[in-house]
Amino acid sequence: MPESKMHVVIVGSRRQSCSNVPRADVPIQVGGSLAGLMHGIAVKRLGHDVTILEQHQSSTREGQAAGIVTMEHSQKFLDHHDLLKDQPYAVNCSSVQILDKNLKIKLEFQRPMLMSSWNVLYYRLRANFDGLASSYCTQTPAEPSHIGRAVYDQGKRVNNLYADEQKVQIEVEDLVSRSTSTISADQVIVADGSASQMRHLLQPQLKHSYAGYVAWRGTVMESSVSDETRSTFQNKTTLHATSGGYIVLYTIPGENGSLEPGKRLLNYVWYTNMAADSAEFQQAMTDTAGRQHHHTLPIGKMRSQVWETQRKVAHEVLPQPFAELVDRTTQPFISAISDIEVSQAVFFGGKLLFVGDALVPFRPHVACSTNQAALNALLVEQWLAGKMTLASWERQVLDYANATRLRSVTWGCWYQVGYLSFFASKVRHLATLCGQTLRNGYIYLMG
């Protein structure tokens, strides 16, 4: 790490931003979703000052009840950094079951998983970062005296960045006053999400490639469905395969993080094939204002006629409990599944780093987006503490990203494309894992 005092900025838009600084008195500015908050917490606890630059203009986040599987790196991060350990944050799903069209169990195996939601983790991380009190976390944690200063600066958008001979210059727009300013930084960490504008700026050769299918998403309160539907899912991760797709469901915390049965949410993701040039795809990705979206059509923006058509399809192809969930969903949203290659994580001679989904997003089958963010934050913490070199940081970050991206593609090929595509993808995945093992002596089996 550099020995001179540095100013480190982590760039994010709605999204996420993080920061790393090799001295305790250096200010750090971080972007504002889960990845940014994780990095901000880790860095703050090392004694650095952290300012989060966040595009969203309010601390209140609505309509973000998407389910999140808290995997090993996420759990390790929370075990190490979460000061609200007496407040549970996830539903413990005991096993995975695969059902046929008659609701008979084709396969069931024990795999306990902790299921949470974006809302729950966002407000929990905010409580740990800057002490934000909310209906999710009414009691904020007491912090030790040696930590750095934490500021969550909302309504700020990064429009551009570039390097001069000594520093990285970041152009920031205030979305309220519409004024702009430039911040100079010794070190920048980019965490502006899966549709990263900074990735597009610095790596324009990397293009999203549509995978040929979409994910319909929604949540329904347990008490809103029939007894038969509740008993079908039984607090288990449940899958059902259809022709050209599948649906997966699991239980997540409800409003204000409630874990009380009946008040929890049944969260599902329903994958269906849809050609990019089809009228069906164009209609599904066009919002109520007539704007077409390329990646995700947000909650509250889906046109009623589109969802009504999908409800009818659900009753035609899904078993009744799944169709009931779709039928009772009032706030659906849809994502077009795409891939992008992993290139590099370090730019400007080490002055700029990409992390999380800004580095590379995964297909959602493997549910590893938050896991990647947590791993990156834990590795950044080690780098700042002098326990690893920047070269080692980049190698581990890229190894995880490459292996997990290929695993997510393999999973998608199995359900959405066919056996030949699956086997070809699986060979690439295994070859990557073998190469990493031979080079490093370790392997990321679980992403």
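This is a short chat about a predicted model.

Visitor: Let's start with the sheet. What is the order of the strands?
Guide: The open sheet has 9 strands. The order is β4-β6-β5-β13-β14-β15-β12-β17-β16, with mixed pairing.

Visitor: Which strands stand at the edges?
Guide: Those are β4, residues 67–69, and β16, residues 296–297. Each has a single partner strand, so one side of each is left without a neighbour in the sheet.

Visitor: Which residue in β15 stands opposite Thr 251?
Guide: Leu 266 does.

Visitor: Now helices. Which strands does α7 lie across?
Guide: Helix α7, residues 304–317, lies across β12, β13 and β15. Its direction is about 90 degrees to β15.

Visitor: What about α8?
Guide: Helix α8 takes in residues 320–328. It lies across β5, β12, β13, β14 and β15. Its angle to β15 is about 100 degrees.

Visitor: New topic: aromatics. How many pairs are there?
Guide: A search of the whole structure finds 11 aromatic pairs. One of them is Tyr 122 with Tyr 123, an edge-to-face pair. The ring centres are 4.9 Å apart, with 75 degrees between the planes.

Visitor: Are those two buried or exposed?
Guide: Tyr 122 is buried, at 0% relative accessible area. Tyr 123 is buried too, at 7%. The cut-off for buried is under 20%.

Visitor: How are Trp 216 and Trp 307 arranged?
Guide: They form a tilted aromatic pair. The distance is 5.9 Å centre to centre, and the planes are 40 degrees apart.

Visitor: Where in the chain do they sit?
Guide: Trp 216 is in strand β12 and Trp 307 is in helix α7. The two are 91 residues apart, so this pair links distant parts of the chain.

Visitor: Buried or exposed, those tryptophans?
Guide: Trp 216 is buried, with a relative accessible area of 1%. Trp 307 also counts as buried, at 5%.

Visitor: Last one. Where does the charged end of Arg 126 sit?
Guide: Over the ring of Tyr 152, 3.6 Å from the ring's centre.

How values were computed
Residues are numbered from 1 along each chain as its sequence is written. This is a predicted model: local features need pLDDT of at least 70, side-chain atom pairs count only at pLDDT 80 or more; totals for chains, interfaces and linings use all residues. Side-chain values use heavy atoms; hydrogens and water are left out. Two strands pair if DSSP finds at least two bridges between them. Helices (H or I, at least four residues) and strands (E, at least two) are DSSP runs, numbered from the N terminus. Contact means heavy atoms within 4.5 Å. Axes are lines fitted to C-alpha atoms, for helices over the stretch in contact, and angles run from 0 to 180 degrees between N-to-C directions. Rings of Phe, Tyr and Trp (its six-membered ring) pair if their centres lie within 6.5 Å; planes under 30 degrees apart count as stacked, over 60 as edge-to-face and the rest as tilted. Buried means under 20% relative accessible area, exposed over 50%, partly exposed in between (1.4 Å probe, protein chains only). A charge sits over a ring if NZ of Lys or CZ of Arg is within 6 Å of the ring centre and within 35 degrees of the ring normal.
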